[in-house]
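The exercises below are meant to be worked with the sequence and the 3D view side by side. Please try each task before reading its solution.

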Amino acid sequence: MNSNFDPVIKTENLTKVYDTGFRGEQVSALKNLNLEVFPSEIYGYLGPNGSGKTTTIKLLLGLIFPTSGSIQIMGTTDIYSAYVKKNIGYLPEGSYYPDFLRGEEILRFYGQLYGLTGKELNKRIDEVLELVSMSHARRRMLKGYSKGMRQRIGLAQALISNPQILILDEPTTGLDPIARKEIRDILSRLRDEGKTLLISSHELLEVEMISNRVGILYEGILRVSGTLEELLTSKDRIIEFANAKNGVVQEIKDKGGDVVDQINDKVYLKVKNDEELYNAIELGKTVGLQLIKITPRRETLEELFVNVIDSAKKERSS
């Protein structure tokens with residue numbers, strides 16, 4: 001068993017090359033991936049389409065074999081063992097379940113695949129339905145489920161064997177804001193209860209809100225990996241002024257101020273460095289504004305994502 005400081009998922013120089021079947025050409029989907037995911041954390045695994053995320057997931061699940069490199073899950077390289085399989089729950093993107101089945105029937109089917117029977121299976125079905133707040137709809141057919149309810153049942157099936165690791169592919173894509181928050185709250189609660197989550201997603205804001213660490217993959221290469229505090233740098237600063245009278249905003253703009261918002265008598269200016277900060281404060285005094293506060297703005301995950309991909313593209317073309 002791993003200690004709390006050992007990764008529950010670890011890859012070393014993991015590489016996957018596909019044969020295209022056309023004139024012996026090959027495509028490198030994953031190149032020397034060194035990935036570590038630690039206990040009780042949410043790791044956001046990000047990248048554009050075709051970057052290698054799905055290939056990574058298939059390798060971790062043992063659905064395909066690596067060309068080279070190694071995988072360790074929960075301290076063992078035998079990722080095909082019953083012990084490892086039971087301790088990985090997987091929610092694929094766009095998972096499909098037959099509409100004529102009821103929610104609890106879906107869970108009973110998957111529980112039996114894991115060897116659960118009788119009272120043990122009934123107890124586990126009750127537990128996961130309660131965990132995803134679907135007890136009230138357990139006997140309803142799936143054709144009567146909303147998209148958010150279907151996703152919660154999908155999470156419940158991923159949890160049916162009480163795994164230590166959850167691998168989730170686009171868990172919030174296509175959901176409305178309320179359903180997204182419900183899923184996000186469930187994922188955070190699972191992390192707090194000791195589960196380890198690897199989330200592949202294009203929903204960068206959702207990932208930023210709940211992840212402990214993230215990695216950005218592009219063209220099969222893990223470009224960056226770390227905590228949000230390590231990766232997201234401080235960017236612009238926002239200056240809040242009060243006492244903005246009619247015509248003041250236009251006057252500020254005419255004098256070169258970067259106005260980003262105005263709410264009632266308050267006006268907000270963006271500055272990029274200390275020199276701009278000083279000039280903006282002096283400009284505010286000149287037009288009769290009252291300085292309220294200066295707020296640093298951290299780089300967003302979306303900005304980091306775009307910058308990393310752009311840098312990789314430039315590196316490739318140089």
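How close do the axes of helix H3 and H5 come, and at what angle do they cross?

**Before starting.** The model is predicted, so that local features need pLDDT of at least 70 and side-chain atom pairs count only at pLDDT 80 or more, while totals for chains, interfaces and linings use all residues. Residues are numbered from 1 along each chain as its sequence is written, and side-chain values use heavy atoms, with hydrogens and water left out.

**Exercise 1. Describe how H3 and H5 pack.**

*Solution.* Begin with the elements: helices (H or I, at least four residues) and strands (E, at least two) are DSSP runs, numbered from the N terminus. The axes of H3 (residues 103–113) and H5 come within 9 Å and cross at roughly 25°, where axes are lines fitted to C-alpha atoms, for helices over the stretch in contact, and angles run from 0 to 180 degrees between N-to-C directions. Next, classify the angle: under 35 degrees counts as roughly parallel, over 145 as roughly antiparallel, 65 to 115 as roughly perpendicular and the rest as oblique. H3 and H5 are therefore roughly parallel to each other. Finally, list the contacts, meaning heavy atoms within 4.5 Å: Gly103, Ile106, Leu107 and Tyr110 in H3 meet Ile153, Ala156 and Gln157 in H5. By class, this contact has five nonpolar, two polar and no charged residues, where Ala, Val, Leu, Ile, Met, Phe, Trp, Tyr, Cys and Pro count as nonpolar, Asp, Glu, Lys and Arg as charged, and the others, Gly among them, as polar.

**Exercise 2. Describe how H4 and H5 pack, and find the surroundings of Arg124.**

*Solution.* The axes of H4 (residues 118–131) and H5 (residues 147–159) come within 9 Å and cross at roughly 140°, and H4 and H5 are therefore oblique to each other. On the H4 side the contact is made by Arg124, Val128, Leu129 and Leu131, which meet Ile153, Ala156 and Leu159 in H5. This contact of H4 with H5 has six nonpolar, no polar and one charged residues. Turning to Arg124 in helix H4, its relative accessibility of 14% makes it count as buried, since buried means under 20% relative accessible area, exposed over 50%, and partly exposed in between (1.4 Å probe, protein chains only). Leaving out residues up to four places away in sequence, Arg124 touches Leu116, Leu159, Ile160 and Asn162.

**Exercise 3. Which backbone feature is found at Glu170, and which at Glu219?**

*Solution.* Glu170 has a positive phi of about 55° although it is not a glycine, and its place is in the loop between strand E6 (165–169) and helix H6 (177–192). With 4% relative accessibility, Glu170 counts as buried. Glu219, also not a glycine, has a positive phi of about 50° and lies in the loop between strand E8 (213–218) and strand E9 (221–227). Glu219 is partly exposed, with a relative accessible area of 26%.
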